[in-house]
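The sequence and the structure come before the discussion.

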Amino acid sequence: MARHQGDTLKILDRYVVGQFLRIFGICVLGVPLLFIVIDLVDNLDTFLAQGATRTEVALHYVYQYPYQSLVGFPIAALLASVFTISSMTRRFETTAIKAGGISFYRMTAPIVLAGIVLSGIALALTDLVPVTNRRSEEVLGEEETRSQTLRLTFVYRANEGRVYKVRRLDTRDLRMSDVQVEREGTGPAYPTYNITASGAHLDTLSSRWVLEHGHLRRFLDSTNTRTYGFRELWQRAFDETPEELRAEPKEPDEMRFAELGRFINAIQRSGGTARDLETAREMRIAFPIACFIIVLFGTPLAHSSRRGGAPMSVAIALATTIFFMILIRISEALGAGGALPPVAAAWAPNVLFLLAGLALYGRVRT
């Protein structure tokens, strides 16, 4: 009897998850295509003005597809969970399953597990998307020129307490002029020092900055100071890239997760704020996890709304999707503006839908 019950559960699991994945597959392919059509209509005049060929435009959207798919993952997961459960409920399959001694929780377990797997796939996509986004710009020649290769009179706070004061940085020639490097020490073993140099150039072989024509002052204690003149001097830790020193704002979707983190640190060390980028970085994790949470919310919601048939299912899915996307945008704006901490702003929609989903699950008759 136990073996028969186990076989029944396996058949049920395959049936439920098959229904879910079939609808998810249709939606995750169709939703990005809808986004692409809308974007094409909005930007067609721009493409024509740039003289882009049909092939270039097509390749542009091929490279854009991973990003559009990632945006569509939670939407497709919600539509799949709502349509799967609502159709099973309309056909009285859920009633028959419950009558067979299988609870609603056990019946929907494959969908919840599928939501977890989809969240993992979406997380993997988040590090692929910046690469394909850059390629999509390159195809149309839209890659930002970032022609401002100079940065004038700035302070950069590096690791180990070092502070750089630079009058002029040229990222094209890989040179700096009027450079000061300071570090606050704790004593003779780790002394305070000050370096002044007329300039610096980047040694591309060692990927380190070489200071030119200056002086190094080491403050061993309050009365003992040593001064050294030098023609060239390099520090092992002075290896920040020109882009890090420039800390030029970029679009978050152009940077991978680790690169985004380094860029945020560079901006903060330069004395700037990067709340919008911090929020975007947290969203890189929170948004993919939303696939699982939205499934956990949509499954009991579809079961509790039995009346109305397919039109009601569509209305529920669309209303929930619109509300969820609006909530994400509002929360993201609050995080970028400083009204909420970046972590709270990124995860607030997920937490709200998770609590609502658990509450709906608690009300389902099993």
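## Surroundings of I195

Leaving aside its neighbours within four places in sequence, I195 is in contact with V179, Q180, V181, L211, H215, L216, F230, L233 and Q235. These contacts, like everything that follows, are read from a predicted model.

I195 is placed in strand β4, which covers residues 192-203, and with a relative accessibility of 1% I195 counts as buried. One of the residues in contact with I195 is Q180; the C-alpha atoms of I195 and Q180 are separated by 5.4 Å, although the two residues stand 15 residues apart along the chain.

## Aromatic pairs and a cluster

The structure holds eleven aromatic pairs. In one of them, the rings of F47 and Y61 have their centres 6.1 Å apart and their planes at 80°, so this pair is classed as edge-to-face, given that planes over 60 degrees apart fall into that class. The pair links distant parts of the chain, with F47 in helix α1 (residues 2-50) and Y61 in helix α2 (residues 54-90), 14 residues apart. Both F47 and Y61 are buried.

Y105 and Y361 form an aromatic pair of the tilted kind, with 5.8 Å from centre to centre and 45° between the planes. Because Y105 lies in helix α4 (residues 104-139) and Y361 in helix α9 (residues 342-363), this pair ties together parts that are 256 residues apart in sequence. What is the relative accessible area of Y105, and what is that of Y361? Y105 is partly exposed, with a value of 40%, whereas Y361 is buried, with a value of 9%.

Aromatic residues also gather in a group, in that Y156, Y164, W209 and F238 form one aromatic cluster. A ring takes part in another kind of arrangement at Y190, where the charged end of R183 sits over the ring, 3.8 Å from its centre.

## Salt bridges

How many salt bridges does the structure hold? There are eight salt bridges, and among them is the one between R162 and E240, in which the closest N and O atoms are 3.9 Å apart. R162 lies in strand β2 (residues 162-170), while E240 lies in the loop between β6 (225-234) and α5 (242-246), so the pair ties together parts that are 78 residues apart in sequence. Both partners, R162 and E240, are buried.

Another salt bridge joins R91 to E93, with the closest N and O atoms 3.3 Å apart. R91 has a relative accessibility of 42% and therefore counts as partly exposed.

## Helix α8

The side chains of E332 and R329 meet in a salt bridge, with 3.2 Å from N to O. Because E332 and R329 are three residues apart in helix α8, they are separated by about one helical turn. E332 counts as partly exposed at 24% relative accessibility, whereas R329, at 53% relative accessibility, counts as exposed.

A nonpolar surface patch of about 450 Å² is made by L318, I322, I326, I330 and L334. Of these residues, I330 is found in helix α8, which covers residues 309-337, and at 46% relative accessibility I330 counts as partly exposed.

Notes. Residues numbered from 1 in each chain as written. Predicted model: local features only at pLDDT ≥ 70, side-chain atom pairs only at ≥ 80, totals over all residues. Heavy atoms only, no water. Phe/Tyr/Trp six-rings, centres within 6.5 Å; stacked < 30°, edge-to-face > 60°. Helix = DSSP H or I, 4+ residues; strand = E, 2+ residues; numbered from the N terminus. Buried < 20%, exposed > 50% of the residue type's maximum accessible area, 1.4 Å probe, protein only. Lys NZ or Arg CZ within 6 Å of the ring centre and 35° of its normal. Patch = residues over 30% accessible without salt bridge, like charges linked within 9 Å, V, L, I, M, F, W, Y side chains within 5 Å. Areas by Shrake-Rupley, 256 points an atom, 1.4 Å probe, with all protein chains shown as cover. Salt bridge = Lys/Arg side-chain N within 4 Å of Asp/Glu carboxyl O. Contact = heavy atoms within 4.5 Å.
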